[in-house]
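My entries follow in the order in which I checked them.

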Amino acid sequence: MTCSSFDPHDHAACRATALSQAESACAAQGLQFTPMRRRVLDVLLGAPKAMGAYDILELVTPEGQKRQPPAVYRALDFLTSNGFAHRLEKLNAYVACACPGAAHRPAFLICRVCDRVAEATDVAPRRLGDEAAAQGFRIERTVVEALGICPGCAA
């Protein structure tokens, strides 16, 4: 199953829906969806590719105000901890979760030319879990990242 893809779609509609879903999920779980958390998620939802924390900082800091990196890092930590965003190890960057609220083990398809990312779900190798269990190891998190070329760059 793929939650996001490299195919064109109505990005404004999915952005509004995702923000609304995050707001509802936070309310249902008693989590605070602060203005900074909302702005950071909105930036990630509107980004055409994964973004670094300092790129996000540039976009969420109003003109003439002092930049506060800790506030962005706290917002990113909240968003990733609660399943609204993911951190990509390879790019040291973040993307909005394409399937917020859905229990899934995402894998990321990263274009090595343009850095665009698509999220696929439930593709984590089952054998890894079996091997870990056989060794008494409990996996808490896996990150699967595949590098390649997206359809747009391949054309």
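I looked up His86 and found that it stands opposite Val95 in β2. The two strands concerned, β1 (residues 85-88) and β2 (residues 93-96), pair in the antiparallel sense over four bridges, where strands are DSSP runs of E with at least two residues and helices are runs of H or I with at least four, numbered from the N terminus, and two strands pair if DSSP finds at least two bridges between them.

I note that this is a predicted model, in which local features need pLDDT of at least 70 and side-chain atom pairs count only at pLDDT 80 or more, while totals for chains, interfaces and linings use all residues. Residues are numbered from 1 along each chain as its sequence is written, and side-chain values use heavy atoms, with hydrogens and water left out.

I then turned to the hairpin of β1 and β2, which has four residues between the strands. Asn92 lies in that loop and has a positive phi near 50 degrees, although it is a residue other than glycine. Asn92 counts as partly exposed because its relative accessibility is 48% (buried means under 20% relative accessible area, exposed over 50%, and partly exposed in between, with a 1.4 Å probe and protein chains only).

I found another positive phi, of about 65 degrees, at Asp115, which is not a glycine either. Asp115 is placed in the loop between β3 and β4 and is partly exposed, with a relative accessible area of 29%.

Next I traced the open sheet of three strands, whose order is β4-β3-β5 and whose pairing is mixed. Its edge strands are β4 (117-120) and β5, each of which pairs on one side only. Strand β3 (residues 107-111) pairs with β4 in the antiparallel sense over four bridges, and I noted Glu119 in β4 as the bridge partner of Phe108.

How many disulfides does a search of the whole structure find? It finds zero, taking a disulfide as a pair of cysteine sulfur atoms within 2.5 Å. I also checked Cys26, which is buried with a relative accessible area of 1%, and Cys97, which counts as buried at 4% relative accessibility.

Last, I looked up Ile139, which is found in the loop between α5 (126-134) and β5 (144-148). Ile139 counts as partly exposed because its relative accessibility is 31%.
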